[in-house]
Amino acid sequence: MTDRLFDPLTLGALELPNRIVVSPMAQYSSEDDGKATDWHLMHYGNLAVSGAALVILEATAVLPEGRVSPRCLGIWDDTHVEGLKRIVDFAHRPNGAKMGIQLAHAGRKASVAPPWQGGDALLPGGGGWDIWGASDYPYPGRVTPIMPGEEELETIAKAYVDALRRAEQAGFDLIELHCAHGYFLNSFLSPLSNTRNDAWGGGLEGRMRYPLEIFRRLRAAWPQDRVLGVRISGTDWVEGGWTVEDSVVFARALKAEGCDYVALSSGGSSPDQKISVGPGYQVPLSAQVRREAGIATIAVGMLSDPKLANEVLVRGEADLIAIGRGMLFNPRWAWHACQTLEGTMRVPDQYFRCHPSMRNLPR
Amino acid sequence: MSTTPRIFTPFTLRGLDLKNRIVMSPMAMYISDEGEVNDFHRLHYHKIAMGGAALVMVEQTAVHREGRITNGCLGLWHDGQLAGMKTLVDGIKQNGARAGIQISHGGRKSSAQRAWQGNGPLTEEDIANGEELWQPEGPSDFPFAEGWPTPRQMSLEDIARLRRQFSDTARRAIEAGFDLIEIHMAHGYLLQSFLTPLANRRTDRYGGTLENRMRLPLEIAEDLRALMPKDMPLLARLSCTDWIEGGWTMEDSVVLARELKARGLDLVDCSSGGNLVRGATNSSLARGPGYQVPFADRIRREAEIPTMAVGMIHTGAQAEAVLAEGKADLVAIGRRILYDPFWTLHAAQELGHDPDFGHWPQPYGWWLEKWARSIRAEGNTV
């Protein structure tokens, strides 16, 4: 089989030596101030020397009320830059990874406890805060969100752009706009959460309008050759919800605005979602969007079998492969995949002697 | 109901409890500047501590600036190096492991190339690229091999000074918070070069007979035991054989282990080699899985001292067999733990010891437990 996983890829000005991406995964490891801690430095720094071409930092909140939990990472204040920059600086070493960050607002799914503390909703006065959604329509079982008016939508849009400027100061190579998993921007897209009857709701065009507006402003503020991508939920997995056909339309609109890639995850808008989870279960979403919208895609979700990851690329179903939990389970996934597929990659000097298969790799 | 694999049974060494039998073997990273700890060291060691080994051994750390094997080696030869070392220790402990340190002097193999430069003597090119060359010291003025610098033969004053440097470094290691100290007596470095007749041609009380060749390593063990807290373990890494005709032998190692034990040493870490020209240790040998285990086994039986086995132990099953057969008390994982910093956590998965990811750090464990459930629901293995 042709080996694609270890082929280079150029995306905008970003030269990636292989197709392996560390998927953004929340660590719930800040204190309650959103700052990066030693945990983040160690976690991301290690992944940055693990052979993956690109590491994308977890959902990082553009506003304090946009955090999923009180312990989520933030970028709503200038004081957040220093801790993030330390991570990027460490990663930008010989044979280190390119670094991306996911800009996020959790919307009506914000203000919950970290999952290992139960993940229950936190209320104002009880460690939580008022939450925001596309509409004043709650995620089932959660409190009713505040529906933003024009002025508030403008404030939130500005927060995204301010966050981007801080990400630029920290030195990130790439920004991913989080429009998935039922969070704020996803809640505009999905008819399950957007019941607005103004310009920001209604038909598909209306529901896409606010996420596209945010994207347009980010694109204008981010250097033209620097990569800006979007993560979407390719389907809600609910009858009457967002569909893969909607995703194709949205991806075309994003592409027209200068989007470099779409990462295809799924679900998160409703507890009624019916998902059949298995190896590569979200790949068809990536394949269809890539084919029909003509945009680069990242496939994600149960792709930790390196042979399967490679096949997805060989079949032209994605341009990049994001590994999430597989990377938590095995922070040297990329090295081990390289051994399995007999690929070639660069290894930091300190580690070249650690396995016979790495001795003769270029350094 | 299955019994706990031996790997995951606790072990007590003097006053120190280890949660399991897996140790990260000391391995030089050659990435320090002037012996100082930096972010690379912290990320590297803290990640491995997170990976479940009971004991993380910090790489050979020089007792003297000129005792560095390379320009990139760690050091604790002055108090200014303490603050950085403390951060290293703190993170290892916060991530659930005990912290150990190997203190070392490179002897006639000092001032050499970093591993990726070739492990040889520094070349003109290396020096032009900024590497510093100095004249190393050794038991005799007899170079390691052709092309290597000729060491300066240590005087009795030098030897007294070296003993003080080992003691001062040990004191700093204790202040930095390390749980135990290992004296590097292996791999052709200074103390091993006193032991082996291949390098020691002295005619005074530090050379000649086995007793004389053992004198300095034993004095240093004695010095350290006297200054260390009563409950803190002291270890030594030995090259149990030179693998060379006329060199140090396994029989010599049994004698040395007995003498070390009599001086309060708690465990012998059983490696080998280091006086062959190629490689930092003995990489020119034809080696196989567990090739040094017989040394740990024999010293454990004949010197009646706990031992650690090391060397090409790749899998959890191999480590388990070493322990189950009573050949060692601890198993050190070296390059394989670089290749897989979560070696111990993965071994637990393989041996069915931690199906719910309870040993994992929380930010990983909760993601993985759900993930594993869905994978297993599909009839697959993690």
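1. Helices 6 and 7 of chain B. In this predicted model, helix 6 of chain B covers residues 210–227 and helix 7 of chain B covers residues 250–262. Their axes come within 10 Å and cross at roughly 40°. The crossing in which helix 6 of chain B passes helix 7 of chain B is right-handed. From helix 6 of chain B, the residues in contact are B:Leu210, B:Met214, B:Leu218 and B:Ala221. They meet B:Asp252, B:Val255, B:Leu256, B:Glu259 and B:Leu260 of helix 7 of chain B. Sorted by class, this contact has 7 nonpolar residues, 2 charged residues and no polar ones.

2. Helices 7 and 8 of chain B. Helix 7 of chain B also packs with helix 8 of chain B, which spans residues 293–302; the two axes come within 9 Å and cross at roughly 45°. Helix 7 of chain B passes helix 8 of chain B in a right-handed crossing. Here B:Met250, B:Ser253, B:Val254 and B:Ala257 of helix 7 of chain B meet B:Phe295, B:Arg298, B:Ile299 and B:Glu302 of helix 8 of chain B. The contact of helix 7 of chain B with helix 8 of chain B consists of 5 nonpolar, 1 polar and 2 charged residues.

3. Helices 1 and 2 of chain A. In chain A, helix 1 (residues 38–48) and helix 2 (residues 81–91) pack at an angle of about 25°, and their axes are 9 Å apart. Angles under 35 degrees count as roughly parallel, so helix 1 of chain A and helix 2 of chain A are roughly parallel to each other. Their crossing is right-handed. Helix 1 of chain A contributes A:His40, A:Leu41, A:Tyr44, A:Gly45 and A:Ala48, while helix 2 of chain A contributes A:Arg86, A:Ile87, A:Phe90 and A:Ala91. By class, the contact of these two helices has 6 nonpolar, 2 polar and 1 charged residues.

4. The barrel of chain A. Chain A holds a closed barrel of 8 strands, which runs 3-4-5-6-7-8-9-10 with parallel pairing. On average, and with direction ignored, neighbouring strands of this sheet are turned by 25° against each other. Strand 3 of chain A (residues 20–22) and strand 10 of chain A (residues 320–323) pair in the parallel sense over 3 bridges. Within this pairing, A:Ile20 has A:Ile321 in strand 10 of chain A as its bridge partner.

5. A helix across the strands. Helix 7 of chain A, residues 283–293, lies across strand 8 (261–265) and strand 9 (296–300) of chain A. Relative to strand 9 of chain A, helix 7 of chain A runs at about 175°.

6. The annotated domain. For residues 5–339 of chain A, an unreviewed UniProt entry records the feature "domain: NADH:flavin oxidoreductase/NADH oxidase N-terminal". This span of chain A is 33% helix and 15% strand, and its end C-alpha atoms lie 12 Å apart.

7. The contact between the chains. How many residues does the contact take from chain B and from chain A? It takes 24 residues from chain B and 28 residues from chain A. On the side of chain B that touches chain A, the elements giving two or more residues are helix 1 (39–50), helix 10 (335–339) and helix 12 (362–377) of chain B. Helix 12 of chain B gives the most to this side, with 8 residues. The residues on this side of chain B divide into 16 nonpolar, 3 polar and 5 charged.

Methods
Residues are numbered from 1 along each chain as its sequence is written. Chains are lettered from A and ligands numbered from 1 in the order in which they are written. This is a predicted model: local features need pLDDT of at least 70, side-chain atom pairs count only at pLDDT 80 or more; totals for chains, interfaces and linings use all residues. Axes are lines fitted to C-alpha atoms, for helices over the stretch in contact, and angles run from 0 to 180 degrees between N-to-C directions. Helices (H or I, at least four residues) and strands (E, at least two) are DSSP runs, numbered from the N terminus. A crossing is left-handed if the near helix is turned anticlockwise from the far one by less than a right angle, and right-handed if clockwise. Two residues are in contact if their C-beta atoms, placed from the backbone, lie within 7 Å. Ala, Val, Leu, Ile, Met, Phe, Trp, Tyr, Cys and Pro count as nonpolar, Asp, Glu, Lys and Arg as charged, and the others, Gly among them, as polar. UniProt positions are given in the numbering used here, feature names are shortened, and annotations may be inferred rather than shown by experiment. Two strands pair if DSSP finds at least two bridges between them. Angles under 35 degrees count as roughly parallel, over 145 as roughly antiparallel, 65 to 115 as roughly perpendicular and the rest as oblique.
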